[in-house]
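Trainee: Please take a close look at the aromatic rings for me. How do they pair up, and where do they sit?

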Amino acid sequence: MSQRNSQPRRSGRGQARTRPEKARASRAAAVAPAAVNHDDRMHESALGEKLSAPLRWALDAAASPSIAAADWLAQDINPGFDSAIELLTSDRASVEDLRKAKSAFKTMRILGETVADRRLGARLYLAAIASGLVHHQLRISRQSDAALTRALDRLVSDRGVDPRLQQLAGTAICSLKTWPPPESPLIADPNDVEEEPEDLEDPGSTAPRASTRGTG
Amino acid sequence: MIREVGLGDPTSAAKAMQRLTRRYWPAVYAYVRRSGHDVHEAADLTQGFICDVMLSRQLVQNADPGHGRFRSLLLAALKNYLRQQHRRGAARRRGGKLPREIDLDRAAETVADYRSDDSPDAAFAAQYGATLVRQVLDLVRADCLKDGQQAHWAVFERRVARPLLLGEAPESYATLIEHLGLPSAAQAANMLVTVKRRFARTLINEVARTVSDPVEVEAELNDLLKHVERRR
């Protein structure tokens, strides 16, 4: 496209150009749009209608980079949810959604760019397990009752946690006390993998680990 | 970038000016086109504005750095230029000329992206934002490749950029894991978030270059968003 159009077009007034025109052409040539390649075409197509999402990324990230990252993960898991908290506290989230959320936030907890990312990842990872207990009467973790209860207790008393997640954690603790729930035939997720005990610990200010290890 | 043009050494000032012009011609063209000029007149007037106002009159260098956003300055200068051209009838005298400096096919693509009920101001703002996003995508892609994050970019491109811009279906994580050799969907999802965050940072930085005070960045982003959402 651009190659074809980079060829000079004939002026309706003939070939000769005046000196001012030549000067203008010379300046304009220096600033003319670069050759349009496939990617430029991709960027241009229908972009006007699709601009709001990228602009919102910038606004969201400016407000809170960590929460924005968590919300983007949640939206990627299920576009029907706008935020991580909405996904994790809604009974509309499927078990599959929660399982994906648990893996994604566990990875964020391990590989997050900042301490705030890793801390938020740890809280949301735990919240995904809590949501499975509360909304589906299903354990999507093989942590022991004691380890889960300790971690959920910390979440309830953590002042940095959204009150909706604290409430979720509190309800999950109650569920664990009466586990297994009589109305549910499911006791544990048989596809879940064993996790290391430290998976429920707060990552604190430690640096991100080199790999994700297991993401169960 | 605006400060670079105004204060930098001649070489970096020239480069900055070139970037500015490449960035803003689609918005200028969009405004002129939606003002009722045909494709050739619009291309001619756009070229005239860039050469006569942005370059010759040093629009950027003469801008008052304490006086708001470059987008507003550019639009005001463009409106003034078009009024002058209308009075002089210069556009008509140049009618029929097909300047080769502006790619008319690309310009037509730009026009195709407008809604018929867009006002010139709305078309200007939307095209301004579109060009900004396109250039930020280019910068982010280059940065990812430079930093060895080819896989990060590939995940972002196939899951977000192409679906967003071309309407393609996002590639599944299973496919991405297989094609890119990634360890898990969770890691791929976090790689995508890394690039989105990089995009956001770069967009904020680019907008910061066009406002006189960094605190105006959010207002400028909100203003662009308002124009874009009004078009839906």
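Mentor: Here is a walk through the aromatic pairs and the charges over rings.

This is a predicted model: local features need pLDDT of at least 70, side-chain atom pairs count only at pLDDT 80 or more, and totals for chains, interfaces and linings use all residues. Residues are numbered from 1 along each chain as written, chains are lettered from A and ligands numbered from 1 in written order, and side-chain values use heavy atoms, without hydrogens and water.

Searching the whole structure gives nine aromatic pairs over all chains. Rings of Phe, Tyr and Trp (its six-membered ring) pair if their centres lie within 6.5 Å; planes under 30 degrees apart are stacked, over 60 edge-to-face, the rest tilted.

Take Tyr24(B) and Phe70(B). Their pair is tilted, at 5.0 Å centre to centre and 45° between the planes. Tyr24(B) is in helix α2 (residues 10-34) of chain B and Phe70(B) in helix α4 (residues 70-88) of chain B, so the pair ties together parts 46 residues apart in sequence. Helices here are DSSP runs (H or I, at least four residues), numbered from the N terminus. Tyr24(B) and Phe70(B) are both buried, meaning under 20% relative accessible area with a 1.4 Å probe, protein chains only.

Over the ring of Tyr128(B) sits the charged end of Arg71(B), 5.7 Å from the ring centre. That label needs NZ of Lys or CZ of Arg within 6 Å of the centre and within 35 degrees of the ring normal.

How values were computed: Helix = DSSP H or I, 4+ residues; strand = E, 2+ residues; numbered from the N terminus. Buried < 20%, exposed > 50% of the residue type's maximum accessible area, 1.4 Å probe, protein only.
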